[in-house]
Each structure stands twice: as structure tokens, then as C-alpha cells.
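Visitor: I would like to learn how to read a fold like this one. Where do we begin?

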Amino acid sequence: MATLRERLALRLRHLGGQLPLLSLLSGRFAALNLRALGCFGARSERVQWLGLVTLSFVLIAILEALRLPGGIMIGAMLAAIMVATADGSIRIPTRPVIAVQGVVGFMIASTIPPTILSDLARDWPLLLIGLVGVVLGATGIGIALMRGGLLPGATGVWGMAPGASTPMILMADENGADARLVAVMHKVRTLIVVALAAIVASLSAPHVAASGAVVKAGWFPPVAWGWLLVTLALAVSTAFFANWLRVFTGPMLVTLGVAIVLQGLGWIKIELPPWLLAVSYAIVGWTVGLGFTRPIVWYALRSLPLIVASSVALIVYCAALGVVMVVVGGIDPLTAYLATSPGGADSIAIIAASTTVDMRFVMAMQITRLVVVMLIAPAFSRWVVRVAGSASPLDRVGPGEADDDKVAAPPQPPAPDGRGPCR
């Protein structure tokens, strides 16, 4: 383990030639004490937040130096995963998350032209191919997991739904599936989708800077403060109103619709400076990463290879659909890949905004699928479970075993250094 830390420290010093700050931080990283990391949850919340922010700065700096699209969000997400799996107890409060979804909705709207409706009417065959294809592919993999008894009951069907993770988790719990595994399946797939999308975007457009318009405009360009206040007021108020309406993913979808209409009518000028977008992207990354708590990861560890394999299978299938779109519709390959990526509409939007893809088509596909999945997936998943046949082999156990499995608590991870718990 010490050798691994030394190698990582050498890599950081190499990058430190371009970023002097990293050179100073790499020495600290090489001396990292793993026992202290394992007991990170015993620290005060102030120390945990300081560790999260510091680690985020380091990882974001590395990814920006590597010119990886979406580097701010991904760096923050990786830092949050490290904090959460180190038994960190901090969480992003609900209100900032809602506000950030509103900001992301307005950010997406600022990249979409007023002619979006006519453009969508022209491209509806491709949108239909992508929508139906992704839903059928995800359902097919979910049925295979259920019929093969690879996951308990209908967990695979609910876990493979391409998007709308919150309603899927709630519906899975109501319908007797393992909601914890469904949550892990959605989180792991989001993580893989974001990482692969950023890598593919970087390889497809290496000349594009990591943070797209943020880098091109500079971090602190002149700001129209009046329009910034109007933008923030509309984004935040609309997001909280949508949340009050109890619409799943409403804070982003409703604000996106409102922003498109207001901008199309010429009533507002959306003003979102790069530093505000950077903070918003980091909060999105923290929100995703902090969900990977140690108990959840430990509980799903036994099924993790299968979860990763099924997620990769769905991503590869969606990429094949993207190839069909490129051949049939002449869509740009990167645009087609991002448009068909299964899940994580806000994360895909952030990565797409960092590249030169057709944002209109990408978000039309992502949002259309998200809305359709939210509307039909619960009833459709129940129907699939009934039609697919009897319960999976993992459900066919004795009554005592089934009851024990339902009430048994997930196994607890061992202490970080084998000397007992930190607290």
C-alpha cells in the first residue's frame, strides 16, 4: 500500500510541473494515514467538509489538467465517494440540491435554440428509435437478471430502468423488490455512465477544453448582475415550486421548460457566470458521490460484479443504438453517444455543455426518455414482472429462509485496521 501511495504521489508531482499547487499537495498525499482515513467519520462535520472541499480541489485540478470534459463534476463526485466510503457522515442539504437543479435547468435552456420544437418535429423518427430502443434494451437485461435468478425477485427489472432512479427505488420497495440493491444499481450505472461519457467526449474532441465554455470565457468574465439576479430568482423559485408540486425530477424539468419559453419569447437573458456553474457542477457531483456510503457498498459487494456487468452491457447496447443513429440519421457520433447514454440527464447535460455536440438533440433524447420512463415505467415494470413468468430461483426458498432474508440486516464492514471500531 505504501508503494501505491508513492506511485500516486509521483504522478501528482509530475502534474505539479504544470500546477504548482499539486506539487505541494502530493507530499501530503504520500503521507496519508489509512487508519485516520478509516476513522474519518469520527471527525467533526467541519473537518469532514474541509476534507471534502480540499480533496475535491485536488481531483478537479488533476482532471482539468488532463482536459477531461465535466472534470469539475467528476472530481467532486470522486472526492465525495472517498469521503462517504471512509464513513463520512456529511450530506448535501435538500434545499441547495433543489436550487442547483434549477440552475442546471436554466444552463441547459441557454444552449437550446428557439427553434427546438420544429427541430424535434423533424427528428422525431430518430428520437423514437432511441427512446424505444433504450427502454426495450434495459427491460431485456432486467428480465434476463430476473429469469436467471441472478438477483432476488424483480430487482433486476427495477434496477435496469433507464433513468428516473428515485421513483424506481420507491416503486421497487412497494412491489417487494430489494430497494437497496435497486438504489445501488442506479448509482453504479450513473457513475459508470458519467465516467465513460467524459472519457469518450475527451477522446472524440481532444481539442475541447475540459470545462467548455467555462474555460473559454475565463472564470470571472464581466457579469450582467441584473440579469444574473433575474436568472437566479426564476431558477430557484421555479425549482422549489416544482418540488412543492411533488413532481419527480421536476426542479430540473420544470425550470428547463420555463426557461425555454421565457428565452424564446425574448423576455429574459439567461446569465450564468462560469464560477456559479462550477459550484453547481460540484454540488451535483457531491450529491451523487455521497450516496455511496460504506454500509450500502458493503451490502451490495457480493452482487457488485453482476451490477457492473449489467450496467456495462446496457451502456454498450445504447452505444450500438447510437451507431444506428449515426448511420441512419447522419448524427454526429459523440452527439448520438451522449443522447443514448442511459440515465443521469443532469450529469450528461453538464458533460455535453463542455463539448461541441448538438445540445438540442442530446437533451431532447434525455428528457423525452426521462419523462416517458417516469410516466410508464412503474406500470410497465409491474406488467413485465407478471408476464416474464414465475418468481426467480432466488425467490423459491423455504418460508423460514425468505423471512430471515427479509429482516436480516446487511453485514457490517470490518474495522479499517482490524483493531476495533473508530468510535
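Guide: Begin with contact, which means heavy atoms within 4.5 Å. Among contacts in this protein between residues at least 6 apart in sequence, 78% join residues at least 24 apart. This is a predicted model: local features need pLDDT of at least 70, side-chain atom pairs count only at pLDDT 80 or more, and totals for chains, interfaces and linings use all residues. Residues are numbered from 1 along each chain as its sequence is written, and side-chain values use heavy atoms, leaving out hydrogens and water.

Visitor: How many helices and strands does the protein have?

Guide: Helices (H or I, at least four residues) and strands (E, at least two) are DSSP runs, numbered from the N terminus. Here there are 21 helices and zero strands.

Visitor: How is a packed helix pair described?

Guide: By the angle between the axes and the distance between them. Axes are lines fitted to C-alpha atoms, for helices over the stretch in contact, and angles run from 0 to 180 degrees between N-to-C directions. Take H8 (residues 124-147) and H17 (residues 304-329): their axes come within 10 Å and cross at roughly 155°. H8 is therefore roughly antiparallel to H17 (angles over 145 degrees).

Visitor: Which residues of H8 and H17 meet?

Guide: In H8, they include Gly 130, Gly 133 and Gly 137; in H17, they include Tyr 317, Cys 318 and Met 325.

Visitor: What about phi?

Guide: Most residues other than glycine have a negative phi. Asp 87 has a positive one, near 75°. Asp 87 sits in the loop between H5 (71-85) and H6 (94-110).

Conventions
Angles under 35 degrees count as roughly parallel, over 145 as roughly antiparallel, 65 to 115 as roughly perpendicular and the rest as oblique.
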